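Here's a quick walk through one model, starting from a single side chain and working out to the strands and the confidence scores. Have the viewer open as you read.

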Amino acid sequence: MVNDIKQLRYLFLILAFCIIIFAVCFFTSCINQTKSLGDIKEGKITKIVDGDTFYVDTFSERIRIIGVDCPEIDTAEGQKAASYTKSLLKVGQKVWLEKDTTENDKYGRPLRIVWLEKPSNTVSKDDVMNKTLEGKLLASKNAKIDTVKPNTKYAEWWSWS
């Protein structure tokens, strides 16, 4: 009986050790993961409409940012989100617009990931969270995640915000 308890403890310790090793390996690979930058187009902000809607000089239609949704402008939360976006974007400011999978949404608006700083060819989760409009809106709680397939390139990183 005593040997059985010792064997169970030993097996439990081995199992716990394996789970810890697996968790460390899994989370380390996720945290250190990088992705290649997609198709990018530079533009200058010409008009900011609300928290997740603005115009740039390189597109005739307003930009629909990928992966997030801000409250509507006619709500207090929407006003807050719009003010926050206006604190990040200024008319005439350069932004870099990354295409994910599809060019436009069902209304014909260009779908883009909005980089506030020029990104390098490979990007990390930290880059996505700290250098994109989407990451900043999520971190500040001015937007919620709203991923629509197939445009899900950074969705798993945004879901960690």
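## One arginine

Arg64 sits in strand β4, which covers residues 63-65; strands here are DSSP runs of E with at least two residues, helices are runs of H or I with at least four, and both are numbered from the N terminus. Bear in mind that this is a predicted model, where local features need pLDDT of at least 70 and side-chain atom pairs count only at pLDDT 80 or more, while totals for chains, interfaces and linings use all residues. Residues are numbered from 1 along each chain as its sequence is written, and side-chain values use heavy atoms, with hydrogens and water left out.

Is Arg64 buried or exposed? Arg64 counts as buried because its relative accessible area is 14% (buried is under 20%, exposed over 50%, partly exposed in between, using a 1.4 Å probe and protein chains only).

## What surrounds Arg64

A polar atom of the Arg64 side chain lies 3.2 Å from the backbone oxygen of Val68. Skipping neighbours within four places in sequence, Arg64 is in contact (heavy atoms within 4.5 Å) with Asp52, Asp69, Asp105, Arg109, Pro110, Leu111, Arg112 and Asp146.

## Strand β2 and its partners

Strand β2 (residues 40-50) runs antiparallel to β6 (residues 94-98), with 5 bridges between them; pairing takes at least two DSSP bridges. Ile40 has Glu98 as its bridge partner in β6.

β2 also runs antiparallel to β3 (residues 53-56), through 4 bridges, and Ile45 is partnered with Val56 there. A hairpin of 2 residues links β2 to β3.

## Confidence

The chain averages a pLDDT (the predictor's per-residue confidence, from 0 to 100) of 87, with 89% of residues at 70 or more. Confidence is lowest in helix α1 (residues 2-31), with a mean of 67, and highest in β6, at 97.

Methods:
Polar contact = N/O pair within 3.5 Å; in protein donor to acceptor, adjacent residues only side chain to side chain.
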